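Here's a quick tour of one structure, taken a piece at a time. Have a look at the sequence and the model, then read on.

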Amino acid sequence: MSQWKGLLEEYKQFLPINENTPMLSLREGNTPLIPLENLSKEWGVEVYVKVEGANPTGSFKDRGMVMAVAKAKEEGSQTIICASTGNTSAAAAAYGARAGLRCIVVIPEGKIALGKLAQAVMYGAEVLEIKGNFDNALDIVRKISEQEPITLVNSVNPYRIEGQKTAAFEICDALGQAPDVLAIPVGNAGNITAYWKGFKEYNEHKQTGLPEMRGFEAEGAAAIVQNEVIEEPETIATAIRIGNPASWKQAVAAADESNGKIDYVTDDEILAAYKLLASREGVFAEPASCASIAGLIKQIQSGEIKKGSKIVCVLTGNGLKDPTTAMDTVEVKPLVLPNSEEAFMEHIKGGVHQ
Ligand code: F0G
């Protein structure tokens with residue numbers, strides 16, 4: 001049996017790797033591409049989800065972080081720093097721990113999902129909270145990294161984009177070519193930038209074609225759609241609660257060059273997609289991830305996405321990251337029955353719906 005060796009080893013010909021680059025790995029990448037059998041039939045399209053929650057720290061950030069941390073180590077850096085809505089901090093903390101680097105993460109106070117905070121703490125990062133939002137935190141860590149010998153590992157670090165582009169390679173390998181449409185959540189806009197770069201590079205090497213890039217912001221944080229910075233972004237999808245995306249221009253370019261679009265979805269649409277995906281397909285992704293599904297539903301209804309299209313929705317993070325939103329979204333009222341087999345039997349038989 002040959003084991004998957006992680007992104008740096010598997011895609012080294014496409015990555016900025018030389019003989020001095022440490023081959024850091026938590027065996028990230030190679031994530032499942034799952035067909036949505038039930039919903040595809042209902043919607044009249046062929047939908048797959050790229051389950052990035054299957055990465056070692058439960059999000060797509062591992063792809064970029066393995067590359068960025070390997071390069072930081074190669075360059076002799078001893079400390080990494082990032083601002084984060086949660087997933088970047090979890091990935092930085094894990095790869096920092098693995099590489100033996102000091103890791104400092106700056107997060108918006110009270111606005112990151114429980115699981116992500118638990119990860120940063122467990123992996124041993126120094127967690128600093130800011131009385132402000134992600135955009136404020138990013139401003140601060142950018143300035144610190146310019147003044148101190150500390151490596152910034154947010155997606156403004158170009159190595160992050162290099163690592164993350166590998167997801168596009170995997171999609172092309174799994175399908176034999178690029179899909180018609182790639183639907184993806186947009187926060188700081190690094191990931192849509194990375195996918196577009198990946199699709200273009202693979203197409204140059206292997207003629208795999210190019211998808212329409214369709215990115216989705218949350219309505220309360222839709223800076224790109226509104227074409228203005230949002231000072232106080234707000235959304236249930238805390239991972240994409242960002243009002244001034246760092247890769248704004250690149251996201252617009254990806255949409256324009258590919259005949260795609262940057263659009264928005266409401267929190268209600270995100271939550272509806274979140275529940276639908278879990279209950280109809282057995283796939284549990286965190287709320288921000290489900291912006292891609294919500295966006296797909298919106299654009300099938302508007303006719304922008306044609307019936308019969310082959311679509312890949314990127315599910316950026318694992319549903320278990322954010323148990324609080326799950327518990328608040330569904331009614332959890334377990335029925336308490338007496339300690340008797342008969343009582344259970346009676347309830348179950350009575351409850352069978354034909
Ligand atoms: N989905 C999830 C689950 C995320 O954590 C993020 C970004 C995105 C989508 C958006 O990706 O920023 O590349 O457009 N999370 C960052 C973080 C900001 O700090 O974890 P993007």
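## The sheet

Two strands count as paired if DSSP finds at least two bridges between them. This is a predicted model, and in it strand β3 (residues 79-83) and strand β4 (residues 102-108) run parallel, joined by 5 bridges. One of the residue pairs is A83 with V106, its bridge partner in β4.

## Around the ligand

There are 20 residues around the ligand, and the ones that come nearest are S84, N188, A189, N191 and T316. Backbone atoms get involved too: a backbone N or O atom of T88 lies 2.8 Å from a ligand oxygen. For N188, a polar backbone atom is 2.7 Å from an oxygen atom of the ligand, and A189 has a backbone N or O atom 2.7 Å from a ligand oxygen. Taken alone, the ligand exposes 470 Å², and the protein buries 99% of that.

## A look at E201

Where does E201 sit? Its place is in helix α9 (residues 190-206).

Is E201 buried or exposed? With a relative accessible area of 18%, E201 falls under the 20% cut-off, so E201 counts as buried. The side chain of E201 makes a polar contact of 2.7 Å with the side chain of K197. Leaving aside neighbours within four places in sequence, E201 is in contact with F14, K165 and F169.

Note on methods: Residues are numbered from 1 along each chain as its sequence is written. This is a predicted model: local features need pLDDT of at least 70, side-chain atom pairs count only at pLDDT 80 or more; totals for chains, interfaces and linings use all residues. Side-chain values use heavy atoms; hydrogens and water are left out. Helices (H or I, at least four residues) and strands (E, at least two) are DSSP runs, numbered from the N terminus. Buried means under 20% relative accessible area, exposed over 50%, partly exposed in between (1.4 Å probe, protein chains only). A polar contact is a pair of N or O atoms within 3.5 Å; within protein, one must be able to donate a hydrogen and the other to accept it, and residues adjacent in sequence count only if both atoms are side-chain atoms. Contact means heavy atoms within 4.5 Å. A residue is near a molecule or strand if one of its heavy atoms lies within 4 Å of it. Accessible areas come from the Shrake-Rupley method with a 1.4 Å probe; for residues, only the protein chains shown count as cover.
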